[in-house]
Amino acid sequence: MSGKNDFSISSRREGEALVVVPAGEVDLVTVDQVRTHVREAAHEAPRVVLDLRQVTFMDSSALRLLVEAQQLAEQDGFSFAVVRGPASLERLFEVTGLDGRLELHDDPAQAADGGPAGR
Amino acid sequence: MDRPADSPALALGLGLALVAALAALDAIWGADRLITGTVVLGPFLTALRGRPRDVVLVGALAIVAAVVSPIWNENFGDPDYVVRALAVATGSGLAGIAARARQRIVVDRERFRLLAAAAELGDQEATVEEVERRVHDLLVPDVADVCVIGDGPPEDLAALGTERRITVELRAGGRRIGTMTLAVGQVTRRRFRPDDHDFARVLGGRVALALGNAGLSTEVESLEARMTAALGSLAEAVTIQNAEGRLVYANDAAAQALGFDTPEALLATSPQEIVDAYIATHEDGTPLRLEDLPGRRVLAGEDAGPVLVRAIHRGTGEERWRVTKATAVHDRDGRPVLAVNVIEDVTEVKRAELTQRFLAAAGEVLASSLDYEETLARITRLVVPQLADWCSVSLPDGSGFLRSVAVAHADPAKSELAREYSQRFAPRIADESGSAQVLRTGDSQVLNEIPDALLSEAVTDPDQLAFLRSVGMRAAMVVPMVAASGVIGTISFVSAESGRPFTGADVELAEELGRRAGAAVENARLYTERSRIAQTLQMSLLPDALPEIAGFELAALYRPAGAESFVGGDFYDAFATDRGWMVVVGDVTGRGAEAAALTAQARHTLRTAGTLLGDPVAAIEQLNRALAQQGDLPICTVAAVLLVDTPAGTVAHISCAGHPQPLLVRAGAVRPVGATGAMVGAWADATWEVESVPIEVGDVLVLYTDGVTDAVGATGRFGEERLVQTLRDVDDAASVVARVEAALETFDRGEQADDTAVVALRRVR
């Protein structure tokens with residue numbers, strides 16, 4: 001079984017933004033790691049990008065984190081954007097209404113620059 | 001020794017007088033034969049008592065008289081005269097020999113007497129100085145003029161020759177102990193001859209013996225005195241037993257340890273009396289027998305190691321721990337004749353050790369279980385008999401009495417009686433004194449003397465008084481059980497048969513036990529209480545039984561994740577509204593108590609709003625408004641279905657807020673239905689819609705939570721596709737639940753990670 005044991009996460013700088021790249025499944029077990037990375041990135045850069053291209057699964061706790069990150073961005077004054085993940089995640093975003101609420105990008109470079117959001 | 005008759009001067013005088021008288025008579029009367037014969041007698045008379053030299057003198061005189069007498073007897077030249085002269089000369093000579101022989105006998109007798117006297121010197125227990133004085137008195141003036149015992153001859157005598165000085169070495173016990181010097185010529189005109197030297201040597205041997213013994217016993221005495229002083233000053237108690245087991249020596253420490261003022265008082269008491277004053281046991285409580293003591297055993301020739309004894313004085317009740325070690329003293333044949341016992345008081349150390357062990361054991365017992373009544377019972381069994389004969393733990397029972405919850409007695413036969421007593425005569429919490437007072441004030445109470453007057457005054461009930469009298473309480477102590485919230489109970493200790501009063505150290509230990517037990521009981525209760533609360537709350541959160549919905553059959557599956565919870569973050573509900581029945585399924589993010597609380601809130605808000613508004617969207621919006629205001633981002637997902645009967649048929653108005661769409665199974669095919677929208681509680685301005693779907697007879701509508709599709713298995717996640725497959729061709733509500741359950745069972749790998757809920761409805765008419 002893949003998933004929990006295969007999770008990893010890293011961050012990299014791209015211009016002014018810090019890009020957080022989780023890989024694998026983000027669920028109740030691993031969501032705290034993503035949370036920590038995002039919060040730390042928020043301290044170090046004015047723009048945080050969460051790149052979901054390598055995420056294979058997200059559960060409700062992961063979705064909650066996205067809402068949380070966005071609210072935190074509004075509170076603390078940094079900007080937050082998400083790079084779209086695989087198709088399954090897309091559907092999830094649709095069903096939960098996240099697609100209309102998050103700044104979504106297809107391309108990380110674009111996301112880092114803070115280009116036009118959404119579709 | 002000097003008898004006038006032995007006086008040599010007298011003898012000489014008599015002899016001379018006789019010879020002179022006879023010579024004169026001879027000259028006057030001329031009876032020469034008679035005179036001659038008689039003149040011969042003169043020397044013999046002297047010889048009887050006089051010295052040989054005096055005899056010779058008298059003899060010479062007699063011979064002279066004999067020779068001279070013919071001059072006046074006109075017999076000169078007669079052959080007669082020659083014979084007469086010869087007779088006198090021979091007689092004188094023989095007298096001289098006789099005198100010498102006699103003198104030797106006298107000297108030998110004298111020497112024998114001296115030796116005998118010297119031998120007696122050695123038998124007396126005199127000091128060295130005394131012996132020297134006696135030797136001097138014995139030998140001076142009979143043997144010598146001067147007698148000096150020292151180390152070598154004194155300077156002023158050293159120059160004298162062997163005629164005037166004899167010096168002999170004194171040896172005793174193989175050692176040279178000095179010299180004895182005898183000298184003559186200072187007072188008398190005596191001289192020493194070789195046999196005097198020989199005699200002096202023999203005498204010297206005796207003197208040396210006497211001196212050696214005198215010195216020895218002094219040495220022994222002072223050694224003994226030093227040893228006694230050393231033993232006396234030891235802090236350890238030392239006693240010495242003889243072969244019969246009787247004490248022959250005890251130092252001060254031993255006397256005090258055994259309760260006597262002086263060692264003499266101790267030695268004067270019989271061993272049986274000494275032993276009977278105590279209750280003595282081994283560490284394990286078995287009684288101590290006299291033959292267990294190492295002193296007796298080493299006297300019997302056995303090897304004996306140290307013995308630890310616990311001794312309680314019958315009179316004072318004082319308890320002391322002592323270690324006794326014994327060593328044997330053997331005689332020349334290797335038989336034990338004495339046993340030396342060293343007794344060390346280890347009471348403090350032992351008490352500390354026992355206290356630690358007790359507290360450690362008590363700690364283990366208290367930590368072992370949350371069933372506090374059981375642990376308290378075990379605690380009372382620990383206390384008895386080590387600390388007390390009888391122990392009871394009491395807690396307020398809520399109706400004004402302090403009830404015993406655990407009782408133990410050192411004698412198991414009496415445990416039952418003790419329990420009965422505790423049940424029957426439980427004190428009222430309102431009582432002024434006793435345990436009730438300890439409960440109120442938190443102060444321990446100790447009574448080390450319980451006279452009958454005190455008992456009868458304190459106890460009014462005659463049965464209770466009779467019981468207490470029969471127990472034979474010697475001492476009693478009650479300590480509070482103290483917890484963080486205060487005094488929650490009491491522990492009572494009674495000392496009866498063992499007769500032991502409670503010392504300050506005992507009270508401290510009991511109070512420490514009271515604190516630990518109090519804390520343990522309170523923790524156990526809090527835990528139990530909390531568990532009960534959690535359980536009660538959870539029970540209240542469980543979904544109600546599904547109602548009967550006219551025209552439908554319903555089934556539900558509800559499986560919270562986690563072993564100990566009854567309720568998780570999933571919920572479902574079905575309730576009647578003005579417009580028709582509403583069925584909801586929801587999923588709160590997260591798990592645990594917070595999730596359960598949110599679950600309750602969501603469920604009840606939806607029910608209330610749904611019932612009032614009769615509209616799924618309105619209900620969701622209402623919930624959203626309530627949640628979005630809360631600061632902790634309480635997010636949940638909901639799928640709500642309103643079943644409305646119309647003349648055309650039943651229509652389901654379905655709205656999903658962030659939730660998987662319900663699945664409609666019609667004629668074997670499965671498709672998702674319902675309008676989708678945002679999760680609830682995330683955005684205050686979110687909106688939702690409904691999708692209206694006709695429900696025909698035979699249709700099965702399945703609402704579920706992502707616990708189903710997110711379930712983890714060997715090949716990945718369960719997923720929507722697999723669920724669809726599972727539900728294909730399902731034809732009643734119960735089968736839905738059964739199939740999903742079975743599929744999950746087969747699929748699941750590891751523990752269920754997420755709450756799972758499924759509600760199935762089938763239209764039957």
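Q: What makes residues of chain B and chain A count as in contact, and how many do?
A: Contact means heavy atoms within 4.5 Å. By that cut-off, 24 residues of chain B are in contact with 22 residues of chain A. This is a predicted model, where local features need pLDDT of at least 70, side-chain atom pairs count only at pLDDT 80 or more, and totals for chains, interfaces and linings use all residues. Side-chain values use heavy atoms, with hydrogens and water left out.

Q: How do you know what area chain B and chain A bury between them?
A: Buried area is the accessible area (1.4 Å probe) that two parts lose on being put together, summed over both. Here that gives about 1,900 Å², 56% of it on carbon and sulfur atoms. Leu633(B), Trp683(B) and Arg717(B) supply 32% of the area that chain B buries against chain A, more than any other three residues.

Q: Why is the meeting of Glu720(B) and Arg91(A) called a salt bridge?
A: The term requires a side-chain nitrogen of Lys or Arg within 4 Å of a carboxyl oxygen of Asp or Glu. The side chains of Glu720(B) and Arg91(A) meet at 3.5 Å, N to O, so the pair qualifies. Between chain B and chain A the count is 4 salt bridges.

Q: Why is Arg47(A) called buried?
A: Buried means under 20% relative accessible area, exposed over 50%, partly exposed in between (1.4 Å probe, protein chains only). Arg47(A) has 10% relative accessibility, so Arg47(A) counts as buried. The side chain of Arg47(A) reaches the backbone oxygen of Ala112(A) at 3.4 Å.

Terms used. Residues are numbered from 1 along each chain as its sequence is written. Chains are lettered from A and ligands numbered from 1 in the order in which they are written. A polar contact is a pair of N or O atoms within 3.5 Å; within protein, one must be able to donate a hydrogen and the other to accept it, and residues adjacent in sequence count only if both atoms are side-chain atoms.
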